[in-house]
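Here are my notes for you, one point at a time. Have a look at the picture before you read on.

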Amino acid sequence: MILGVDIGGTHTDAICIKTGTIINSAKVTTDKENLVGSIVGAINELDIDLPKIDRIVLSTTLSTNAIIEKKYGLTGMIASAGPGIDPKNYFLTDNFYLVDGAIDHRGREYVPINRDQITTVAGKLKDKGITGVGIVSKFSVRNPLHEESIYNLISNDFSYISLGHQMSGNLNFSRRINTTYFNTAVMPTQDVFMKSVSGALGKLGIMPQILFLKADGGTYMASAANRLPVETIMSGPAASIMGGAALNKDKGASLVLDIGGTTTDIGLLVDGVPVMEPLGVSIGGAKTLVRGLNVLSVGAGGDSRVYTKRDKLFVGPQRDGPPAAMGGKSPTPTDALAILGVLDFGDAKKAEHALSPLAHAMGKDLKDLAKDILTTLAKGIKQASASFIDELNTKPVYTIHEMLHQELIRPDRVIIIGGPARNLKPYIADVFDIPCIVPEYCEVANALGAALARTTAQITIMADTQMRRLVCPEIGIEKEIPSHYSMDDIKTFGIKALKDNASYLGLTDALDVDVVEAQSFNMVRGFSTAGKNMRLKIQSTPGIIPEWR
Amino acid sequence: MKARYKTGLIFFPAYDWKISPTHPEREERLLYTQDQILEEGLLDIEDIYEFKAGFASEEDISRAHFCVPDVSSRITPSHNISAGGCIEAARHVLEGDVKKAFALVRPPGHHSMRVVHGARGFCNINIEAIMIEWIRHHYPKIKKVAIVDTDCHHGDGSQDIYWHDPNVLYISLHQDGRTLYPGSGFPNEFGGPNAMGLTVNIPLPPHTSDAGFLHVIETLVLPVLDEFKPDLIINSAGQDNHYSDPITAMAFTAGGYARLNDMLCPDICVLEGGYSIEAALPYVNTGIILALAGLDYSYIKEPDLDLDQIRDDPKSLEYIKQLCEQLLIRWHEKDKLKDKYSSGEEYSKRNKSIYYDTDGISETQTEVIRICDECPGVFKIDSAASTGYRILGIHIPHGACKACRDKGYEWFDKPDSEFYAVYLQDMDNDIFKVKK
């Protein structure tokens, strides 16, 4: 049996799945001070045979909230940069230390690190009582030498250390700094949480495999989550989009709309595989290298504030507390639904009271106004969806082939999930000119997405046959290669490396592995070919576990 | 970080295009530049935007060129996208999406002249000229344009296209033509009879470094631009003046390029040459992007930079100072040049021999322009190439007077059998005809 638990800001949803069918689902209120209690509460609510649970997948806002609300201990950073943009622009706190050392774009060292300087910096960090330190150097994904040397000098001094090149194989120094800093900062939080989850499950008499949902809509094992907790950020929207993937297995492009109270999250699935952000997700305004789904969040939901300006009707983007029907001040789309008599909760009288002045001012019948509100909301969502797709279609490409043969994304259908999905469907279907589907279980799609997401990981390989070097930063491989090494050799090597390191990367299996990017350049020096520069990305494909239907 | 000026970047490295496998103009050329741009996180800086390249249409190309035998035979999709990338850069600037833009595209274009029989100096079509003509057609408010060409090679193609155009000022800083391809760009090349003084060539001695280049910008280029008052400044941002470039002999640095850009403050930069793909381009491009965006570039430095090794020779600096003084004097006296060089005749003629080094084609041209006080003057080019094609190209300029326009159509309508084709560019009416 698999359990999916999505611990959201307001509710904790749990769902239980056995051999491809949903056994039960539950919803409890999240206790922000006691997330583990909320998890246990949701599990108890499910009323299932606990010992039969062999896997539990958690989607939490733990790291997300810790980072956004800056709820973490003092965290140190040691960074070497070399020439470029002044690295001080990227320093997030006073505990950042810039040290000597420079590596170029091909991974050649041209300024070594200074051991005494690093020991001094480590001493200062220790004096401040800091227990976690992030280590980052520019171009470390091309050569992790400096990060590793610094690590070897200070590894005994701190409890939590993360190295930039292990976060992601992508180039981007400032994002590497952010990612490494956040990762280090939330390591203790994740550590405590994980211990307390195992403890609580132990008390229930169960010891299932524990997985966490990541921003990329995949999951990873707890051991990898302890090492790279930053990957759990922004997993909330990922849960919903993966829920959409589980609930609709049609081929082609599916636009997924997760309509909530405050926002609607818009994502895209192509043949069931979610579309990712090119470099990484942002959190609290900071850009990271955390691989994650490309999700556009717009301020349009069931509880958005409805108002008029110069006789024009507006829905959102602000939220002004709960809907009037639930005791709030401002009218909302939920109140419109209440007036139309389709809600099974709330006080329709209060909704009427809140919307009447608007109806009067606009000279409209109350029910007509209610319908106008829902149409306005639907149009807003449609417009946001169009710009989301437009942005994907105007993404720059770098080859003539792609310029000439780029296939534009045209969604084949809309999958609507989330609380108000069912009631809003007619209005959304009315403004979109493609089929709109509200799948069964759309209210618990997030928990379902968490329960059913596959484990995922990605590795990056750069091979330089002139320097006869191969680097795979995510798993810390650096090796000498023969000068005749070919793209096929690298692919074979990479796929094996990913499989061999599956458990380190947090994968439960590595069955479905594919090469997502492969580039090869002849390097010409003088007038003859000096070698090949090859770049490769290999991943275990995101998607839904095969056991599901 | 937030850019002071909203800056757009069109990056099109054409990773699947080369002239030949070991040619400097090959797939790998912008690879390390992209690595550096990505690692520096330039695209994450607030108000720096990356835009997709586009395609230049046949019409866009015909505004700047007479392509022989036709446009499609002279270009590949890569040229199309390279020129289209420049057009996109211009579009985003002129639409106000951004204040400045940099088209980091390849292949380059500044050796392509108005008549195109083939490729020369790695260029098939002139991507700046195509962009400028696109701008003039779509945004008529742009009347005057200045090109400042900082490629190490003289931009003989851009010079040729704007030789007769008093509304496009062409300024080129380059390694002295006696020591480098294409062997032109001397101070005595200063524009056609209707645009005298509006071509400014500044040949610099080999090994010129930051002090020399920046002296030219400060004491000559900026005063000239101040006086010309262009609506738009275009920088042909070739990067082969760098001390590490394998096919030139200058000693300019990445920091120097950034400073030059900062001083020049161009609206649009277009990448031209630059073949030190590992040691120069990553740093020069990073410097230019930061300078364009109005950001601090003082930490941009090549890993192997040793300023003592490449400092300007005092004698060369003295020569450069004198050259700038003389050129500035001539600039101030440009209005008198027309009288000084005028023969009093209605037409002026020049003969040219052109060699297409990339394709091994020879061409001879006879160009005749109507000396006109009312407009930039109609002209025609009789061009014969070793490929066997002989064509006549007629150009009726922007703002042509009635007499010049009538003359242009008279030339075009005249039955001629000795030409493979007769071309017409009627700029004001945006009419491009080919009569075969």
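1. A term to start with: a polar contact is a pair of N or O atoms within 3.5 Å; within protein, one must be able to donate a hydrogen and the other to accept it, and residues adjacent in sequence count only if both atoms are side-chain atoms. Between domain 1 of chain A and domain 2 of chain A there are four residue pairs in polar contact, both residues at pLDDT 80 or more.

2. Some ground rules: this is a predicted model, where local features need pLDDT of at least 70, side-chain atom pairs count only at pLDDT 80 or more, and totals for chains, interfaces and linings use all residues. Residues are numbered from 1 along each chain as its sequence is written, chains are lettered from A and ligands numbered from 1 in the order in which they are written, and side-chain values use heavy atoms, with hydrogens and water left out.

3. Chain A splits into domain 1 (75-187), domain 2 (248-447) and domain 3 (458-540), with bounds from an automatic or database domain assignment. The C-alpha centres of domains 1 and 2 of chain A are 41 Å apart.

4. How much area do domain 1 of chain A and domain 2 of chain A bury between them? About 800 Å², with 63% of it on carbon and sulfur atoms; buried area is the accessible area (1.4 Å probe) that two parts lose on being put together, summed over both. In domain 1 of chain A, A:Asn170, A:Arg175 and A:Thr179 lose the most, together 59% of what that side buries.
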